[in-house]
Amino acid sequence: MSDNGAMSALAPTLKKAPSALALRPMRASDLDAVVLLEQQVYPHPWTRGNFADALAAGYHAQCVHQDTELCGYVVAMAGVEEAHLLNITVARALQGQGLGRVLWQHLCAWAPQVGAQCMWLEVRRSNVAAQAIYKHWGFETVGERKNYYPAGRGQREDAVVMGLTL
Ligand SMILES: CC(C)(COP(=O)(O)OP(=O)(O)OC[C@H]1O[C@@H](n2cnc3c(N)ncnc32)[C@H](O)[C@@H]1OP(=O)(O)O)[C@@H](O)C(=O)NCCC(=O)NCCS
């Protein structure tokens with residue numbers, strides 16, 4: 001326990017209030033940093049090709065930086081009267097400091113602009129931390145997708161489908 005306390009005292013913190021950090025569209029030139037951050041956060045990360053495809057498809061993708069350092073990003077897709085949250089990620093060392101909220105508030109402003117009346121997402125059943133945050137933001141569990149995600153060693157993991165009326 002004391003080790004954890006020592007680590008948290010040394011953990012990187014944001015220099016500014018999260019709301020003071022600007023979001024801007026993700027560009028192809030961001031992908032090296034995006035893929036690196038993605039690999040640091042997820043055991044089964046999106047590939048560079050996944051991000052490149054998202055940009056090529058015109059999905060809504062935004063990055064948040066502190067100075068020149070990438071801190072997080074969000075990728076979402078507009079559909080017919082709905083939006084699909086595909087990826088929301090904050091650098092591991094900066095999680096729990098309000099950056100997710102910055103990304104979420106941005107999505108809440110963007111979604112109505114593209115005519116979305118609801119938003120939905122999939123999350124790994126084991127990712128209870130993210131599910132708690134999504135519930136806090138107002139999402140409810142609306143279903144599941146069996147064996148949706150790769151889980152290593154040839155195994156698969158279910159997705160929990162969550163939805164929110166905007
Ligand atoms: C999910 C993620 C993007 C959230 O970003 P974050 O910077 O850690 O989140 P924040 O510090 O802004 O906290 C988000 C909100 O959740 C709330 N929250 C945090 N933990 C919570 C919990 N266990 N229960 C309920 N609410 C919780 C916070 O109070 C905050 O509330 P607010 O928006 O009203 O201020 C980030 O934690 C992350 O990248 N996780 C790993 C990747 C991941 O799992 N992504 C989702 C894949 S589906």
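## Surface and charge

The chain exposes about 9,500 Å². Carbon and sulfur atoms supply 54% of that area. This is a predicted model.

## Overall size and packing

The chain has 166 residues, and a compact globule of that length would have a radius of gyration near 15 Å. The value for this chain is 16 Å, which agrees. Along its principal axes, the C-alpha trace spans about 45 × 35 × 30 Å.

Buried residues make up 39% of the 166 residues. Among contacts with a separation of 6 or more, 60% join residues 24 or more positions apart.

## Order of elements

The chain holds five helices and seven strands. Read from the N terminus, the elements run α-β-α-α-β-β-β-α-β-α-β-β.

## Helix H4

Helix H4 covers residues 99–113. At 1.5 Å a residue, its 15 residues should span 21 Å. The end C-alpha atoms of H4 are 22 Å apart, which agrees with that expectation.

Which residues of H4 are buried? They are Leu99, Gly100, Val102, Leu103, Trp104, Leu107, Trp110 and Ala111. An α-helix has 3.6 residues a turn, so residues three or four places apart point the same way. After H4 comes glycine 115, with a positive phi near 80°.

## Histidine 44

Histidine 44 sits in the loop between helix H2 (31–41) and helix H3 (48–56). Is histidine 44 buried, exposed or partly exposed? Its relative accessible area is 31%. Buried means under 20% and exposed means over 50%, so a value in between counts as partly exposed. Histidine 44 is therefore partly exposed.

What does histidine 44 touch, leaving aside residues up to four places away in sequence? Its contacts are Arg124, Pro150, Ala151 and Gly152. Proline 150 is 106 residues from histidine 44 along the chain, yet their C-alpha atoms are separated by 7.3 Å.

Key: Residues are numbered from 1 along each chain as its sequence is written. This is a predicted model: local features need pLDDT of at least 70, side-chain atom pairs count only at pLDDT 80 or more; totals for chains, interfaces and linings use all residues. Side-chain values use heavy atoms; hydrogens and water are left out. Helices (H or I, at least four residues) and strands (E, at least two) are DSSP runs, numbered from the N terminus. The radius of gyration is taken over C-alpha atoms; the globule rule is 2.2 Å times the number of residues to the power 0.38. Buried means under 20% relative accessible area, exposed over 50%, partly exposed in between (1.4 Å probe, protein chains only). Contact means heavy atoms within 4.5 Å. Accessible areas come from the Shrake-Rupley method with a 1.4 Å probe; for residues, only the protein chains shown count as cover. The expected span of a helix is 1.5 Å times one less than its number of residues.
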